[in-house]
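Please read it alongside the sequence and the structure.

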Amino acid sequence: MPTAALGTNRASGRTVNEQFHAFDADNPHVYRALERMAARRLAAGATRVSLKGLFEDLRRQLPYGVAGLNNNYTALYARRLIDDQPDWAGVFELRRRRAA
């Protein structure tokens, strides 16, 4: 099976999970912003929140040219939010993971 199918970036040799953890460690403000945005939507009465939608909103808030918000990270951020806020388990729709 090709390594790309296993979630490995050929250029870096790192899995998406490894890339995410490196990005998250270098950019803790991204997680904090997503957490605040989700909390605001829930406080306003939302029962479901799209992490992809939050990601797009965050992209619009960042200065032009700021890079790094990889769409491959949205599910990992959703899982992290649920880990940190167990009450939000039903807020985000998650699919079963293909790779660890």
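In which helix do Glu 56 and Arg 59 both lie, and how many residues apart are they? Point 3 takes this up, after some remarks on the basis of the note and on the chain as a whole.

1. Basis of the note. This is a predicted model, in which local features need pLDDT of at least 70 and side-chain atom pairs count only at pLDDT 80 or more, whereas totals for chains, interfaces and linings use all residues. Residues are numbered from 1 along each chain as its sequence is written, and side-chain values use heavy atoms, with hydrogens and water left out.

2. The chain overall. The secondary structure of the protein chain comes to 4 helices and 0 strands, where helices (H or I, at least four residues) and strands (E, at least two) are DSSP runs numbered from the N terminus. Of the 100 residues in the protein chain, 30% count as buried; buried means under 20% relative accessible area, exposed means over 50%, and partly exposed lies in between (1.4 Å probe, protein chains only). The protein chain exposes about 6700 Å², of which carbon and sulfur atoms supply 50%, the areas coming from the Shrake-Rupley method with a 1.4 Å probe and, for residues, with only the protein chains shown counting as cover.

3. Glu 56 and Arg 59 both lie in helix H3 (residues 51-61), 3 residues apart, which is about one turn of the helix. They form a salt bridge whose closest N and O atoms are 2.6 Å apart, the term being used for a side-chain nitrogen of Lys or Arg within 4 Å of a carboxyl oxygen of Asp or Glu. Glu 56 counts as partly exposed at 30% relative accessibility, and Arg 59 counts as partly exposed at 29%. Helix H3 also holds Asp 57 and Arg 60, again 3 residues apart, and their side chains meet in a salt bridge (2.5 Å, N to O). Arg 60 is exposed, with a relative accessible area of 62%.

4. A link between helices H1 and H4. The structure holds 6 salt bridges, and one of them joins the side chains of Arg 80 and Asp 24 (2.7 Å, N to O). Arg 80 lies in helix H4 and Asp 24 in helix H1, so the pair ties together parts that are 56 residues apart in sequence. Asp 24 counts as buried at 12% relative accessibility, whereas Arg 80, at 27%, counts as partly exposed. Asp 24, Arg 80 and Asp 84 are linked in a network of salt bridges.

5. The packing of H1 on H2. Helix H1 (residues 16-26) and helix H2 (residues 28-43) pack at an angle of about 85 degrees, with their axes 4 Å apart. That makes H1 roughly perpendicular to H2, a label for angles of 65 to 115 degrees, while those under 35 count as roughly parallel, those over 145 as roughly antiparallel and the rest as oblique. The contact (heavy atoms within 4.5 Å) is made by Phe 23, Asp 24, Ala 25 and Asp 26 of H1 and by Pro 28, Val 30 and Tyr 31 of H2.

6. Leu 94. This residue is placed in the segment after helix H4 (74-84), and at 35% relative accessibility Leu 94 counts as partly exposed. Leu 94 and Ala 75 are 19 residues apart in sequence and 7.1 Å apart in space, C-alpha to C-alpha.

Terms used. Axes are lines fitted to C-alpha atoms, for helices over the stretch in contact, and angles run from 0 to 180 degrees between N-to-C directions.
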